[in-house]
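Subject: Structure for your review

Dear colleague,

Please find below the structure I promised to pass on. My notes on what was found in it follow directly after it.

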Amino acid sequence: MRSRIRTILQDNLQERRKAFAVLLDPDKVEFSSFPFLLAESVRHGVDFFFVGGSLITRYAADDIIKAIHEHTSIPAILFPGNSLHIEPSADAILLLSLISGRNPELLIGQHVVAAPLLKRSQLEILPTGYMLVESGRATTVSYISNTTPIPHDKPSVAACTAMAGELLGLQVMYLDAGSGAQKPVSPEMIAAVRKAVDTPIVVGGGINSSAKAQAALEAGADVIVVGNGIEQNPDLLPEIAQLVRAFNDKVTV
């Protein structure tokens, strides 16, 4: 199987370089303004597009990925809520195992359903330990997944959960406060997970300012994911892109 994205993530981790991913929810993408978003993402050096969400009512992933491939060279990575959200035209898929919860459907059930399609596809598979973190409000993903998030103030629980996921062979850890989170994953939790595992760490949810992005990066996040924040404030895209570049410039000096 292909390993291009995994190689990028692993090389970045070893070189202490950061990355910026823009999350595209098919229900929220406005195709009239989408070309502008793609152009801005190219201009400011966005590293990845994550495509998906926990609940999708309008199937448009194929059109979104087609536009990404036509207008950019940025990898399109699926961020699926379930096995129905698989789109083979993407470059890779975060094969999410919801290790913060105890819902067997999201630990292995949906994976069994998806396995034959994924095996036949050309998608790069990224086995990912997905951890929901309490964010001050109920989120769509916690409701749909029927799981309780890790308490915001329990970094040791997150660290041990990530450690277990790594020992099970998961290659990426994803800490997510959820779409529209009131507060992001705390720097203390990110730092605790960083000390516990050697995998790349992705952090998303509630990052609606460059200050919050900076706190996550300084704590040990390898990839920052922003979706709602850019929808509400388009200026956030260049701000975070510049922040990530600044981190990477320090590494190369």
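The crossing of helix 2 and helix 10 is right-handed, a crossing being called right-handed if the near helix is turned clockwise from the far one by less than a right angle, and left-handed if anticlockwise. This is a predicted model, in which local features need pLDDT of at least 70 and side-chain atom pairs count only at pLDDT 80 or more, whereas totals for chains, interfaces and linings use all residues. Residues are numbered from 1 along each chain as its sequence is written, and side-chain values use heavy atoms, with hydrogens and water left out.

Helices (H or I, at least four residues) and strands (E, at least two) are DSSP runs, numbered from the N terminus. On the side of helix 2 the contact (heavy atoms within 4.5 Å) is made by L37, E40, S41 and H44, and on the side of helix 10 by L237, P238, A241 and R245. These residues divide into 4 nonpolar, 2 polar and 2 charged, where Ala, Val, Leu, Ile, Met, Phe, Trp, Tyr, Cys and Pro count as nonpolar, Asp, Glu, Lys and Arg as charged, and the others, Gly among them, as polar.

A241 of helix 10 counts as buried, at 3% relative accessibility; buried means under 20% relative accessible area, exposed over 50%, and partly exposed in between, with a 1.4 Å probe and protein chains only. Leaving aside residues up to four places away in sequence, A241 touches F20 and H44, and its C-alpha lies 6.6 Å from that of V46, although A241 and V46 are 195 residues apart in sequence.

Helix 10 also packs against helix 8 (residues 210–219), at an angle of about 30 degrees and with the axes 10 Å apart, and this crossing is right-handed. The contact is formed by S210, A213, Q214, L217 and E218 of helix 8 together with L236, E239, I240, L243, V244 and F247 of helix 10, and by class it has 7 nonpolar, 2 polar and 2 charged residues.

Turning to the strands, 8 of them close into a barrel in the order 1-2-3-4-5-6-7-8, with parallel pairing, two strands being paired if DSSP finds at least two bridges between them. The twist averages 30 degrees from one strand to the next. Helix 10 packs on the sheet, where it touches strand 1 (19–24) and strand 8 (223–226), and its direction makes about 155 degrees with that of strand 1.

Strands 1 and 2 run parallel and are joined by 4 bridges, with V22 standing opposite F49 in strand 2. From strand 2 (residues 48–51), F48 and F50 point one way and F49 and V51 the other, and all are buried. Strand 3 (residues 76–78) pairs in the parallel sense with strand 4 (residues 92–98) over 2 bridges, and I77 stands opposite A92 in strand 4. In the loop between strand 3 and strand 4 is L84, which is exposed, with a relative accessible area of 70%.

Best regards

Methods:
Axes are lines fitted to C-alpha atoms, for helices over the stretch in contact, and angles run from 0 to 180 degrees between N-to-C directions.
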